[in-house]
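Thanks for coming. I will go through one structure today, so please have the sequence and the model open.

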Amino acid sequence: MKFGVSTWVWTAPLTDDDLKTLTPKIAEAGFDIIELPLEVENGFDYVSAAELINDYGLSATTCVAMGPDRDLIHPDKSIRDNGKRYVRHCIKAAETLGATNLVGPLYSAVGRVWQSTDEDRVKDSDLLVESLVELAQYAGEHNVTLGVEPLNRFETSFLNLAEQAIQIVDRVDHPACKIMLDSFHMNIEEKSAGQAIKEVGPRLCQLHACENDRGTPGSGVIAWDEIANALKETGFDGPVVIESFTSKVQSIARAAAIWRPLADSQDDLAADGLAFLQAKFS
């Protein structure tokens, strides 16, 4: 199993200078993977980043940042179209970066919540499946796998459960469209994180790992033994990536509701989290 860390642990949005600092730090800490959030289109040089990542012996995954103007199920078609355009950009960026996964809430703007009727949910699901069929085809052509991520109820009212993501992905029915699960969101929404992982099974392309407070893995109340056993039972051998955030970056702190430090330092969060995950999952 390979272990990674998101650059969101330290900064946002990501720049070329950030990568020059973080890539050697992440490699020296013992990680296998660096996860690159694609918040700003062309916010850093993808070709140079790929060379830098390769030079330090790392591989990459990528993550979308869906926002108010990037939403695949918005009532406004122009916003839906812009969301698809953005995801296509991210797929090409992932290919250039040598990343096989593009993960995140590939459906709606983070933080957009609304009360849906059963009819509304059917309509939104149909819109999403239609878009993901198109985007999965494009992703497959560029050797990229999409990982649809359920979020907790406070960040979306659309896909909160693994079961709901399965319904979407199975309708898309394309090998380049899978599911990513996140320990933080599962801890809020699932009756059992282990059972959710088992239900997702071979559809799982990546796991985001962080504590119940979004802090260091192993420092809180997440059911890590249950998660580890489920991953072993399903034969998952994909990326396990620490995703956390810093209260020092106002934009990301507000979006993720990070109002205080979650560890003595962000470097400690990453290093201690890696040691815990390696011991628990290896």
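At what angle do helix 4 and helix 5 pack, and how far apart are their axes? This is a predicted model, and in it helix 4, residues 118-141, packs against helix 5, residues 162-172, at about 50 degrees, with the axes 9 Å apart. The two helices are therefore oblique to each other. The handedness of their crossing is right-handed.

On the helix 4 side, the contact uses Arg121, Ser125, Asp126, Leu128, Val129, Leu132, Val133 and Ala136. On the helix 5 side, the residues are Gln164, Ile168, Arg171 and Val172. Sorted by class, the residues of this contact come to 7 nonpolar, 2 polar and 3 charged.

Now the sheet. How many strands close into the barrel, and in what order? There are 8 strands, and they close in the order 1-2-3-4-5-6-7-8, with parallel pairing. From one strand to the next, the twist averages 30 degrees.

I will take two of the pairings. Strand 1, residues 2-6, pairs with strand 2, residues 33-37, in the parallel sense over 3 bridges. Glycine 4 has isoleucine 33 as its bridge partner in strand 2, and valine 5 has isoleucine 34.

How many residues of strand 2 are buried? The count is 5 of the 5, so strand 2 is largely enclosed by the rest of the structure. As a reminder, side chains in a regular strand alternate between the two faces of the sheet. In strand 2, Ile33, Glu35 and Pro37 lie on one side, Ile34 and Leu36 lie on the other, and all are buried. Both faces of strand 2 are covered, then, and the list of buried residues includes Glu35.

The second pairing is further along the chain. Strand 5, residues 145-148, runs parallel to strand 6 and is joined to it by 3 bridges. Glycine 147 has lysine 178 as its bridge partner in strand 6. Strand 6 is mostly covered, with 5 of its 6 residues buried.

Lysine 178 deserves a moment. It sits in strand 6, residues 177-182.

Leaving out residues up to four places away in sequence, lysine 178 touches Thr145, Leu146, Gly147, Val148, Val169, Pro202, Arg203 and Cys205. For a sense of distance, lysine 178 and cysteine 210 are 32 residues apart in sequence, and their C-alpha atoms are 21 Å apart in space.

The next residue is proline 239, in strand 8, residues 239-242. Proline 239 has a relative accessible area of 14% and is therefore buried. What does proline 239 contact, leaving aside neighbours within four places in sequence? The contacts are Lys2, Ile33, Thr61, Asn101, Cys205, Gln206 and Leu207. Among them is Ile33, which came up as the bridge partner of glycine 4. Proline 239 and glutamate 28 are 211 residues apart along the chain, and 18 Å separates their C-alpha atoms.

Helix 1, residues 16-28, and helix 2, residues 46-55, pack at about 15 degrees with their axes 10 Å apart. That makes helix 1 roughly parallel to helix 2. Their crossing is right-handed. Leu19, Lys20 and Thr23 of helix 1 make the contact with Ala49, Leu52 and Ile53 of helix 2. By class, that contact has 4 nonpolar, 1 polar and 1 charged residues.

The last pair is helix 8, residues 224-234, and helix 10, residues 266-281. Their axes come within 10 Å and cross at roughly 50 degrees. Helix 8 is therefore oblique to helix 10. The crossing of helix 8 and helix 10 is right-handed.

Which residues make the contact of helix 8 with helix 10? Helix 8 contributes Trp224, Asp225, Ile227, Ala228 and Leu231, and helix 10 contributes Phe276, Leu277, Lys280 and Phe281. The classes here are 7 nonpolar, no polar and 2 charged.

That is what I have. I will take questions now.

Note on methods. Residues are numbered from 1 along each chain as its sequence is written. This is a predicted model: local features need pLDDT of at least 70, side-chain atom pairs count only at pLDDT 80 or more; totals for chains, interfaces and linings use all residues. Side-chain values use heavy atoms; hydrogens and water are left out. Axes are lines fitted to C-alpha atoms, for helices over the stretch in contact, and angles run from 0 to 180 degrees between N-to-C directions. Helices (H or I, at least four residues) and strands (E, at least two) are DSSP runs, numbered from the N terminus. Angles under 35 degrees count as roughly parallel, over 145 as roughly antiparallel, 65 to 115 as roughly perpendicular and the rest as oblique. A crossing is left-handed if the near helix is turned anticlockwise from the far one by less than a right angle, and right-handed if clockwise. Contact means heavy atoms within 4.5 Å. Ala, Val, Leu, Ile, Met, Phe, Trp, Tyr, Cys and Pro count as nonpolar, Asp, Glu, Lys and Arg as charged, and the others, Gly among them, as polar. Buried means under 20% relative accessible area, exposed over 50%, partly exposed in between (1.4 Å probe, protein chains only). Two strands pair if DSSP finds at least two bridges between them.
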